[in-house]
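Q: Could you walk me through this structure, starting with its pocket?

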Amino acid sequence: MTESTFTRISPRRPKVGLVAGGLGAYWPQFPGLLPQLQRSAARVAERMGELDAEVVDVGFVSDAQEGAEAAEKLRAAGCDLIVGFLTTYMTATMLVPIAQRSGAPVLLINLQPTESMDHATFDTGQWLAYCGACPLPEMANAFTRCGIPFRSVSGYLEDERAWERIGRWVRAAGVRAALRHGRHGLMGHLYPGMLDVATDLTLVSANFGGHVEVLEFDDLRVRTEKVTDAEAAERVTLAREVFDLADSVDEDDLAWAARVSVGLDRLVEDFELDSLAYYHRGLDGEIHERLGAGMILGASLLTARGVPAAGEYELRTSLAMLIMDRLGGGGSFTELQALDFARGHVEMGHDGPAHLAISSRRPLLRGLGVYHGKRGWGVSVEFDVTRGPVTAFGLRQARDGSYGFVVSEGEVVSGPLLQIGNTTSRVDFGCDPGEWTDAWSASGISHHWALGTGHRLADLRAVADLLGAEVTHVQPG
């Protein structure tokens, strides 16, 4: 499966403030220097625009007064990241006010024109165009003394390694923005007894920002009741296009799941949700039990479109899935299922919804007469994540209420899988599966997390840096 199979939402692009600068005292001394530096600044602005960001370019500053004017423009723009381009030497007074007033994370970049100077022919003016490294320690010192976190990237204008690092910070800013501006649905009630899953909603705002919308299953019920037969039939057709159907699928159960799926789409639209966590037990086949049991199809389709939906009221995991999705890794609802010591693999997945866009094959809908550990019955998704590099990623809550990132990189490999309507993947973490499981559990992770494609540790470190979160890298051996 690929993401092109689904009509994804258009996530909010990060707003990146860009300011370039140099010491104005140089301009009358070396008349050709400023035009050269401005050409470099224009190239940086062009490359920044290619990083899927909205760039707010406030131009070139040459002294503290111009820096203060740029600071006001960037403050008013409400940026998610401020990029300061050190084109040559410049004083800290030109950038500190920008960082102080914007309230956004700061990235300092030092990109000289080429890999190396032509030492035999360069005069002072030409050298100064390569002198962006000179003010970087000054900026670092001043920012540290002012209590302003920062990060930096040094390289040259067409240095792809440097631009990959810059792109990582822009992606991280996009994730931070998605969390700060996000609306996260929490529908139903806690799965009884799951102490690790319980989340203080205030801590979401304290750690990440954003808003948690507390929903009732009746919010879904009233919308599902208004779904027409034609709309439900259209959703059944979509399900047949996306999934293979096992012989165990009951047509009435599929029709019900399709109806709930349409109602779920309306719920997400009406409340403008960016993610959703849900659970409801229900009793004896009444409507709320049937709604809870009918969520898997719709939640999977939503997750594939970029609105992650997690069962068992797992708010922190739906947030982890959102982070992984915005980094391009998908992110499917996951827990431990079994350890295969004969093959050295950790089997992990979950019953219920899956991120269909990262499936290794056409996903299967399987009919189940009972959901293990839950009330109800109906259709469930069976799939495994596409073969290759993957990242297990979850959010850990410490005793002081702070959130931390728990990350481990591995590889999804082939092998036998259960055929019980679960989203099982075999992951090789390059070590004994028992040792990995012990180290992963010792991190303080809850028993759910997101499993996404690609090795994402570097990107997740950048996101954690912008959020002020600690990263625990689980890598036994």
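**The pocket and the domains**

A: The largest pocket has a lining of 17 residues, and those nearest its centre are Pro11, Pro14, Asp52, Arg326 and Leu327. Here a pocket is an open set of points on a 1 Å grid over the protein atoms alone, where a 1.4 Å probe fits, with protein on both sides within 12 Å along at least five of seven lines, and lining residues have an atom within 4 Å of a point. This is a predicted model, in which local features need pLDDT of at least 70 and side-chain atom pairs count only at pLDDT 80 or more, while totals for chains, interfaces and linings use all residues. Residues are numbered from 1 along each chain as its sequence is written, and side-chain values use heavy atoms, with hydrogens and water left out.

Q: Which domains does the lining draw on?
A: At least three residues come from each of domain 1 (15–179) and domain 2 (182–473), with bounds taken from an automatic or database domain assignment.

Q: How many residues of each domain are in contact with the other?
A: On the domain 1 side there are 12 residues, in contact with 17 residues of domain 2, where contact means heavy atoms within 4.5 Å. The centres of the two domains, taken over C-alpha atoms, are separated by 40 Å.

Q: Changing topic, which residues of H8 make the contact with H10?
A: On H8, the contact is made by Asp219, Leu220, Arg223 and Thr224. The H10 side includes Trp256, Arg259 and Phe271.

How values were computed. Helices (H or I, at least four residues) and strands (E, at least two) are DSSP runs, numbered from the N terminus.
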